[in-house]
Amino acid sequence: MPVAQPASPSYLILGAGLAGLSLADALLRRGVRDPIAVVDARERFDNDRTWCFWDVHPHPYRGLISHRWPHWSIEARGAVHRQTATGAPYCHLPADRFYADVLARLEAAPNCQLVLGTTIGAATESDGAVMVATSAGERSATHVFDALATGGPTWPTVAPVPGPGVLCQRFLGQFVETDEPAFDPTCVRLMDFDVTPNGELHFMYLLPFSPTSALVEDTTIGLVGTPDDERRAEIDRYLRKRHGLATWRVVREEASAIPMLGVGAPRRRSSRLTPVGTAAGAVRPSSGYAFVRTQRQVAALADRVVAGRPSAPRIDRRRDAFLDRVFLEVLKADPAGFAPNFLRLGRHLAGDRLARFMMDAASPVDHFLLIAALPKPPFLLGAARAGRKRLAA
Ligand SMILES: Cc1cc2nc3c(=O)[nH]c(=O)nc-3n(C[C@H](O)[C@H](O)[C@H](O)COP(=O)(O)OP(=O)(O)OC[C@H]3O[C@@H](n4cnc5c(N)ncnc54)[C@H](O)[C@@H]3O)c2cc1C
């Protein structure tokens, strides 16, 4: 009787965003010569997002960083807590640089195919392959990776799609230019709580690219968010009142809702359909930072693919994950009342310590000092709630 030969591997990556492109690139960098297809609904790649992070972990895209800031601040009316990250500056990597860099390598690889303008639907597994329905017909591969963020087949199995009632970081940012110097280009304003209260955790985030240009982002963390026009009006008010500006030009805008759900490490559901990126918990639940976590996750996943056992690895340490759950519990209980906690961190935690905490690299001493800086009663209650939920899960 003839023995069925195992199909030679083929890789289908759903989504050509941060995680999908990084994974294709990582497989090529590791010498994978089997067919790789990357499919996405988008028609083109614009400068559609601003990736920022502290430069704590190495990754292949460090050379694309366009700005590094040594200082950051957390502010409120009458309080400015300014810190310096000596070992790990705050960095900006523009999306268009990343897309251009990775796409050039994908296009040059004979085994890699990029399929755009194609919407992806359901995925089903049978006979050693995964079939994926798309607007251009069915595609199949021996291994499929869901890098569709919250729009793919694996997301609904772990969390609700972001919308009203789902805890999200929601923001609208404007890239502005002024005629006169208005910004300090050495210091990122991570959070300025000198904004109109709106029932959520509400702050302004300001990335100064030069004395005359900046990204000013109206940000809320909560269950609902505010309409875009209200956010524009708030940025207008902020630039007038806080920076004394009368006129400026808005060059472009970016906006999003990033889920803060503590999706966590993906459970291994299938050896052939593997989530990666947002779909696999790459967004840090308590902060929304995802770029570096995605790179760490992709690197480990690509290593596993090459070793013949593709599965998305756990990227957060247990104590980071627990602290994040506690943060989220306290935040959910009273989003608008959370600002003083960030102000305490801004005041008491040295720049490098906060950088390590935000990038999942905090030492036990960093964690101890972080806990020492926070008020005990709400966080102990949060810890009890987080622990109870963990036990019930
Ligand atoms: C404006 C903005 C700013 C951000 N800033 C930062 C930051 O400063 N630092 C940080 O660490 N993180 C930041 N993030 C969060 C995070 O890094 C990004 O969201 C990141 O792009 C997530 O990567 P991903 O690959 O999971 O999803 P994405 O990069 O969003 O990729 C998902 C892809 O799937 C495609 N897609 C979705 N559904 C379908 C479908 N049904 N069919 C076909 N294609 C589909 C989309 O077109 C997209 O290309 C930001 C996000 C946004 C939106």
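This is a predicted model: local features need pLDDT of at least 70, side-chain atom pairs count only at pLDDT 80 or more; totals for chains, interfaces and linings use all residues.
Reader: Which residues meet where helix 1 and helix 2 touch?

Author: From helix 1 there are Leu21, Ala24, Asp25 and Leu28, and they meet Val102, Arg105 and Leu106 of helix 2. Five residues of this contact are nonpolar, two are charged and none is polar.

Reader: What makes helix 1 and helix 4 oblique to each other?

Author: Their axes cross at roughly 40° and come within 9 Å. Roughly parallel is kept for angles under 35 degrees, and the angle here is roughly 40°, so helix 1 and helix 4 are oblique to each other. Helix 1 passes helix 4 in a right-handed crossing. On the helix 1 side, the contact is made by Leu18, Ala19, Ser22, Leu23, Ala26 and Leu27. Helix 4 brings residues including Phe291, Val298, Leu301 and Val305. By class, the contact of helix 1 with helix 4 has 11 nonpolar residues, three polar and no charged.

Reader: And why is helix 7 called roughly perpendicular to helix 8?

Author: The axes of helix 7 (residues 351–358) and helix 8 (residues 364–373) cross at roughly 100° and come within 10 Å. Since 65 to 115 degrees counts as roughly perpendicular, helix 7 is roughly perpendicular to helix 8. Arg353, Arg356 and Phe357 of helix 7 meet Asp366, Leu369 and Leu370 of helix 8. This contact of helix 7 with helix 8 divides into three nonpolar and three charged residues, with no polar ones.

Reader: Now for the ligand. How do you know that it lies between domain 1 and domain 2?

Author: Domain 1 (11–50 + 93–159 + 261–306) and domain 2 (168–259) both give residues to the shell around the ligand, so the ligand lies between them. The domain assignment also gives a domain 3 (318–392).

Reader: Which residues come nearest to the ligand, and which elements give two or more residues to the shell?

Author: There are 29 residues around the ligand, and Gly17, Gly151, Ser256, Gly277 and Thr278 come nearest. Two or more residues come from each of helix 1, strand 3 (50–54), strand 17 (249–259) and helix 4 (291–306). Strand 3 gives the most, with four residues. The shell divides into 15 nonpolar, 10 polar and four charged residues.

Reader: One more, then: how far apart are the C-alpha centres of domain 1 and domain 2?

Author: Those centres lie 31 Å apart. Eight residues from domain 1 and five residues from domain 2 take part in the contact. The side of domain 1 that touches domain 2 has three nonpolar, three polar and two charged residues.

Note on methods: Residues are numbered from 1 along each chain as its sequence is written. Two residues are in contact if their C-beta atoms, placed from the backbone, lie within 7 Å. Ala, Val, Leu, Ile, Met, Phe, Trp, Tyr, Cys and Pro count as nonpolar, Asp, Glu, Lys and Arg as charged, and the others, Gly among them, as polar. A residue is near a molecule or strand if its C-beta atom, placed from the backbone, lies within 6 Å of it. Domain bounds come from an automatic or database domain assignment. Axes are lines fitted to C-alpha atoms, for helices over the stretch in contact, and angles run from 0 to 180 degrees between N-to-C directions. Angles under 35 degrees count as roughly parallel, over 145 as roughly antiparallel, 65 to 115 as roughly perpendicular and the rest as oblique. A crossing is left-handed if the near helix is turned anticlockwise from the far one by less than a right angle, and right-handed if clockwise.
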